[in-house]
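User: I have a model open and want to go through some of its packing. Can you take me through it?

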Amino acid sequence: MTRTSGPGASAQSLLEKLGVHLDPELLVLALTHRSFAHEAGGIPTNERLEFLGDTVLGLVVTETLYRGHPTLPEGTLAKMRAASVSQRALAEIARTLDLGDFVLLGKGELATGGRQKDSILSDTLEALFGAIYLSHGLEVARGVVDGLLSPTLERAAGLGAGLDWKTSLQELAARLELGSPHYDVDGEGPDHARTFTARAVVGGEVRGTGTGSAKKIAEQIAAEAAYHALQEGEPQVDGRVTPADASVEA
């Protein structure tokens, strides 16, 4: 195969970045998106490897967080894990590998910018994790995952409310006695390239909006905007945000 048609000899650079060797057939399988498989007559896709890699990723990240943050409660660890293995976070890592250049895509996905879609990049990265696990076992897979995700995990430790904006907004709204937030979401564009706009409604008012390629992304962006909008209106006591109607003892 040539570079224009997918992974070939040039994919050696991808393996060098990952620091592993993979059997060529397994590598091609890991890079085969269902759109390409369909156009090629129904050949196997990378979806089974993605399923396996998602489990490997979850195990490695969970153990790393558990061992690295022995005093944090389960809820915080869960938020850190979710932020670290989100579609957006994995896609950013995939871009550092130029992974989109090697994915085998059908003509339709190629025409709509599939090589840069977060969903395709994150799924393919997980498929590669699955292939590495099959070829080399858990310890080698752990080394690859840790090497790629360590900067993301370090950032997650300092995100605070940004670990999960929707949850943080819900907690803030509860403190302010504004009830639970809800989201109005609209989508536009063709099915293969839809854009979603979300509005975070808190206390009967739109407090923030967000736009993204998926509903969850748009909602998180809207929640972040709403969180900051509400927080700006709260009084501060000893550096802590408190509800506006809270009484503070001297």
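**Helix packing and the sheet**

Analyst: In helix 4, L49, E50, L52, G53, D54, V56 and L57 meet D123, E126, A127, F129, G130, A131, Y133 and L134 of helix 8. Contact means heavy atoms within 4.5 Å; helices (H or I, at least four residues) and strands (E, at least two) are DSSP runs, numbered from the N terminus.

User: What is the split into nonpolar, polar and charged in that contact?

Analyst: Nine nonpolar, two polar and four charged residues. Ala, Val, Leu, Ile, Met, Phe, Trp, Tyr, Cys and Pro count as nonpolar, Asp, Glu, Lys and Arg as charged, and the others, Gly among them, as polar.

User: And what about the source of the model and the numbering?

Analyst: The model is predicted: local features need pLDDT of at least 70, side-chain atom pairs count only at pLDDT 80 or more, and totals for chains, interfaces and linings use all residues. Residues are numbered from 1 along each chain as its sequence is written, and side-chain values use heavy atoms, with hydrogens and water left out.

User: At what angle do the axes of helix 4 and helix 8 cross?

Analyst: Roughly 80°, and the axes of helix 4 (residues 47-68) and helix 8 (residues 118-136) come within 6 Å. Axes are lines fitted to C-alpha atoms, for helices over the stretch in contact, and angles run from 0 to 180 degrees between N-to-C directions.

User: How many bridges join strand 2 to strand 3?

Analyst: Seven, with strand 2 covering residues 195-202. R199 is opposite T209 in strand 3, and V201 has V206 as its bridge partner there. The hairpin has two residues between the strands, and G203 takes a positive phi near 60°.

User: Last one: is E139 buried or exposed?

Analyst: Exposed, because its relative accessible area is 55% (buried is under 20%, exposed over 50%, partly exposed in between, with a 1.4 Å probe and protein chains only). E139 lies in helix 9 (residues 138-157).

Terms used
Two strands pair if DSSP finds at least two bridges between them.
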